[in-house]
Amino acid sequence: VLMSVQKIKLEENQTAVLYKTVSFLVEEGELTKALEVAEQLKYEPNKDDPERFLLHDKSDAFRIIAIDLVEKYEVLKAMQVIQKIEDQESRIDALSFIAKKISTEPVPDKSEHDRRMKKKFTTKEKQRAKQLVEAIHNN
């Protein structure tokens, strides 16, 4: 895939294909490969031309990998991935998104975006939350 992407002439298209590849690999559970592809993305591909349409960047790719790891209860691995995000604000955003994801639950008969605070937490969830708070504190 990486060799094929390098043949794409427009940088915007390269970025889009790389990000979609990361997303696909995460869905397939191929997180090691997803990390390899994510490393090929750039940070802030729009930095030089703010008029360009918004492109996903390396931070976005690392965030979707970290979220998948948290959903698999692999919080420490998720934290390692988040540490790869260079921009502190993007790192905090990723940690905050994960905090919301693990502290809330879907509202029955609503979309996945409609969430409410959980009433009870398992021991494992409490452990994840503690690790997350420590990670946020360290950033």
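How many of the 14 residues of α4 are buried? Twelve of them are, leaving the helix mostly covered in this predicted model.

**View 1. Helix α4, end to end.** The helix runs over residues 58–71. Its 14 residues should span 20 Å at 1.5 Å a residue, and the end C-alpha atoms do sit 20 Å apart, so the two figures agree. As for what is tucked away, the buried residues are K58, S59, D60, A61, F62, I64, I65, A66, I67, D68, L69 and V70. Look at the start of the helix for D57: one of its side-chain oxygens comes to within 3.1 Å of the backbone nitrogen of S59. After the helix comes Y73, with a positive phi near 60°.

**View 2. The largest nonpolar core, and who builds it.** This core counts 30 residues, and V22, V26, I65 and I98 have the most contacts inside it. At least two residues each come from α2 (11–27), α3 (31–38), α4, α5, α6 (88–103) and α7. The top contributor is α4, with eight residues. In soluble globular proteins, nonpolar side chains tend to be buried together.

**View 3. Zooming in on V22.** Setting aside neighbours within four places in sequence, V22 is in contact with A34, V37, A38, A61, I64 and I65.

View 4. K72 counts as partly exposed because its relative accessibility is 39%. Beyond neighbours within four places in sequence, K72 is in contact with G29 and L31.

**View 5. K118, a buried lysine in a loop.** K118 is found between β2 (115–117) and α7 (123–137). With a relative accessible area of 16%, K118 falls under the 20% cut-off and therefore counts as buried. The side chains of K118 and E125 make a polar contact at 2.5 Å. Not counting residues up to four places away in sequence, K118 touches I102, S103, T104 and E105 as well as E125.

Key. Residues numbered from 1 in each chain as written. Predicted model: local features only at pLDDT ≥ 70, side-chain atom pairs only at ≥ 80, totals over all residues. Heavy atoms only, no water. Helix = DSSP H or I, 4+ residues; strand = E, 2+ residues; numbered from the N terminus. Buried < 20%, exposed > 50% of the residue type's maximum accessible area, 1.4 Å probe, protein only. Contact = heavy atoms within 4.5 Å. Polar contact = N/O pair within 3.5 Å; in protein donor to acceptor, adjacent residues only side chain to side chain. Expected span 1.5 Å × (residues − 1). Core = buried A, V, L, I, M, F, W, Y, C linked by side-chain atoms within 4.5 Å.
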